[in-house]
Amino acid sequence: MIRRLCSCRAGRLFLAALLFLASVLPSQAAELKLEAKLIWATNDDKSPNLEHKPVDAATAEKLRKVFKWKNYFIVNRIVKTVPSRGANSFELSKQCTVEIRELEGPKVEVKLIGKGKEVHKTTKTLTKGEWFTYAGDDKNESAWFVIITELDEK
Amino acid sequence: MNEDQLLQLQAWMDGELPAEEARRVEALLRTSPEAEALVSELRVTKGFLAGNEPEAKVPETRDFYWSKIRGEIERSAAAESAASAPAPAPAWLLSWRRFLAPLSGLAMVAFLSVLSLNLYHRAEQDPMQHLVEVENLDETIGSISYKSQSENMFVVYLYNKDQNPDMDEDELFDDQVLQ
């Protein structure tokens, strides 16, 4: 069958078109593998919740360069795939959920949902290596962060 | 007389007709003066040709003479076809042709792929691409968005409007580029 396809001109053209489409289509509409992290920031040395572990040194250093808090603790981490032109929900805690939709561009629409109520929506291009961060104040001079990054592996 | 009858008369003169048709032509000759006149004329002509046809003598035998002519014709035909045919491709090119044909196809596919990727990246370089749309969905919540170029981090900082009416972003960030 393949031999017959290769032997006639129409078959060769068909195979060339197939290869061409295979090389083009994945780059124009692809699913996203995203990581969403909920982080709690404080100037205290320890988190009141013993289940919260400190973030790794590189993440803490990066956050310290941008924000004023000294210590950062990971509350939850979720990795999910957002289908092309589709959406997925990341429930990071009972009170905090982000819904991410992949849009044409390619862009992402990130919707922050707090206590079941839509709070904020951002639409932007998410480039590899970039951190998209939602942040807000919390009680006792602390803060929360939702950090969304695109992972390399599919 | 029609053309068929003329031809039949000539064939009859040369003794080439089968017996049945020969009888039919002889009957025609008995009834048609025109046919009889034509046959007489043909007989005279045949007689002239038979008596006066030049006879050439060749030094070789008949078979050898004609084989020489045939050989000459074949040689000249071969020379003409060789002159009109394109120069044969080099042997190495012929042996590589079966690889070069699919390779040229692959090269075309690669070219089209690179072209399409360039178009794709060009779309990524859209100057409007960096614009960000932010929308507060809760009236009590305010937001400040900024980009830290050094850390490649885009931040949307949310605050409660009631509790922080005079939000000062300098209190929050060490390195910011406000959007």
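Me: In which sense do strand β6 and strand β7 of chain A pair, and over how many bridges?
Reply: Happy to start there, bearing in mind that this is a predicted model. Strand β6(A) covers residues 107–114 and strand β7(A) covers residues 117–124. Within this pair, Leu112(A) stands opposite His120(A) of β7(A). The sense of the pairing is antiparallel, and the count of bridges is seven.

Me: Which strands stand at the edges of the open sheet of five strands?
Reply: Let's walk across it: the order is β4(A)-β5(A)-β6(A)-β7(A)-β1(B), with antiparallel pairing. A strand at the edge has a single partner strand, so one of its sides is left without a neighbour in the sheet. The two strands in that position are β4 (87–91) of chain A and β1 (133–136) of chain B.

Me: And what does the twist of that sheet average from one strand to the next?
Reply: The sheet in question is the open one running from β4(A) to β1(B). From one strand to the next, its twist averages 15°.

Me: How are α1(B) and α3(B) oriented to each other?
Reply: Nice one to look at on screen. Helix α1 (residues 3–13) and helix α3 (residues 33–52), both of chain B, have axes that come within 11 Å and cross at roughly 45°. Angles under 35 degrees would count as roughly parallel and 65 to 115 as roughly perpendicular. The two helices are therefore oblique.

Me: How do the residues of the contact of α1(B) with α3(B) divide into nonpolar, polar and charged?
Reply: The crossing is right-handed. On the α1(B) side the contact is made by Leu9(B), Gln10(B) and Met13(B), and on the α3(B) side by Ala35(B), Leu38(B), Val39(B) and Leu42(B). They divide into six nonpolar, one polar and no charged.

Me: Is Glu141(A) buried or exposed?
Reply: This residue sits in the loop between β8 (131–138) and β9 (142–150) of chain A. Most residues other than glycine have a negative phi. Glu141(A) has 12 other C-beta atoms within 10 Å, so the residue is exposed.

Me: What about Asn152(B): how many other C-beta atoms lie within 10 Å?
Reply: Asn152(B) is found in the loop between β2 (141–148) and β3 (153–160) of chain B, and has a positive phi, near 50°. The residue is partly exposed, and the number of other C-beta atoms within 10 Å is 13.

Notes: Residues are numbered from 1 along each chain as its sequence is written. Chains are lettered from A and ligands numbered from 1 in the order in which they are written. This is a predicted model: local features need pLDDT of at least 70, side-chain atom pairs count only at pLDDT 80 or more; totals for chains, interfaces and linings use all residues. Axes are lines fitted to C-alpha atoms, for helices over the stretch in contact, and angles run from 0 to 180 degrees between N-to-C directions. Helices (H or I, at least four residues) and strands (E, at least two) are DSSP runs, numbered from the N terminus. Angles under 35 degrees count as roughly parallel, over 145 as roughly antiparallel, 65 to 115 as roughly perpendicular and the rest as oblique. A crossing is left-handed if the near helix is turned anticlockwise from the far one by less than a right angle, and right-handed if clockwise. Two residues are in contact if their C-beta atoms, placed from the backbone, lie within 7 Å. Ala, Val, Leu, Ile, Met, Phe, Trp, Tyr, Cys and Pro count as nonpolar, Asp, Glu, Lys and Arg as charged, and the others, Gly among them, as polar. Two strands pair if DSSP finds at least two bridges between them. A residue is buried if 20 or more other C-beta atoms lie within 10 Å of its own, exposed if 12 or fewer, and partly exposed in between; C-beta atoms are placed from the backbone.
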